[in-house]
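Please walk through this structure one part at a time.

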Amino acid sequence: MRVFQIITWDIILPMMMSDFQIGDVVRLRKAHPCGGFEWQIFRLGADIGLECQTCHRRVMLSRRDLAHRMKALVMHAEEPPKG
Ligand SMILES: [Zn+2]
């Protein structure tokens, strides 16, 4: 598992359109009612499926909604392929 430093929004936006993977964890600006900030991606499509890492409830967000709510990409599911 690879841990990213806090990344600026200018970098995240193009990344999230192409580089999200199932299992990636993101941190949203606003906490879930349960108090959790971190969400794991379980589905990628026209909408992004996110599971709260604290209470494990699942929600679907459009890519646009996610872009507005996202604070930082916290960690990546796996090493990217090299070469
Ligand atoms: Zn929650």
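This is a predicted model: local features need pLDDT of at least 70, side-chain atom pairs count only at pLDDT 80 or more; totals for chains, interfaces and linings use all residues.

**From a turn to the core**

With 10 C-beta neighbours inside 10 Å, H56 counts as exposed. Residues are numbered from 1 along each chain as its sequence is written.

H56 sits in the loop between β4 and β5. Although H56 is not a glycine, its phi is positive, at about 65°. The strands β4 and β5 form a hairpin, with five residues between them. Their pairing is antiparallel and runs over five bridges; strands count as paired if DSSP finds at least two bridges between them.

Now take the chain as a whole. It has two helices and six strands. Here helices (H or I, at least four residues) and strands (E, at least two) are DSSP runs, numbered from the N terminus. Along the sequence their order is β-α-β-β-β-β-α-β. Of the 83 residues, 13% count as buried.

Which residues make up the largest nonpolar core? There are nine: V25, V26, W39, I41, I48, L50, C52, L66 and M70. Two or more residues each come from β2 (25–28), β3 (38–44) and β4 (47–52). The largest share, three residues, is given by β4. A nonpolar core means a set of buried Ala, Val, Leu, Ile, Met, Phe, Trp, Tyr and Cys residues joined through C-beta atoms within 7 Å.

L50 belongs to this core. In β5, L50 has V59 as its bridge partner. Leaving aside neighbours within four places in sequence, L50 is in contact with W39, Q40, I41, R58, V59 and L61. Two residues are in contact if their C-beta atoms, placed from the backbone, lie within 7 Å. Among contacts in the chain between residues at least 6 apart in sequence, 41% join residues at least 24 apart.

The last stop is D24, in the loop between α1 (9–18) and β2. Is D24 buried or exposed? D24 is buried, because 22 other C-beta atoms lie within 10 Å. D24 and A77 are 53 residues apart in sequence, yet their C-alpha atoms are 4.7 Å apart in space.

Key. A residue is buried if 20 or more other C-beta atoms lie within 10 Å of its own, exposed if 12 or fewer, and partly exposed in between; C-beta atoms are placed from the backbone.
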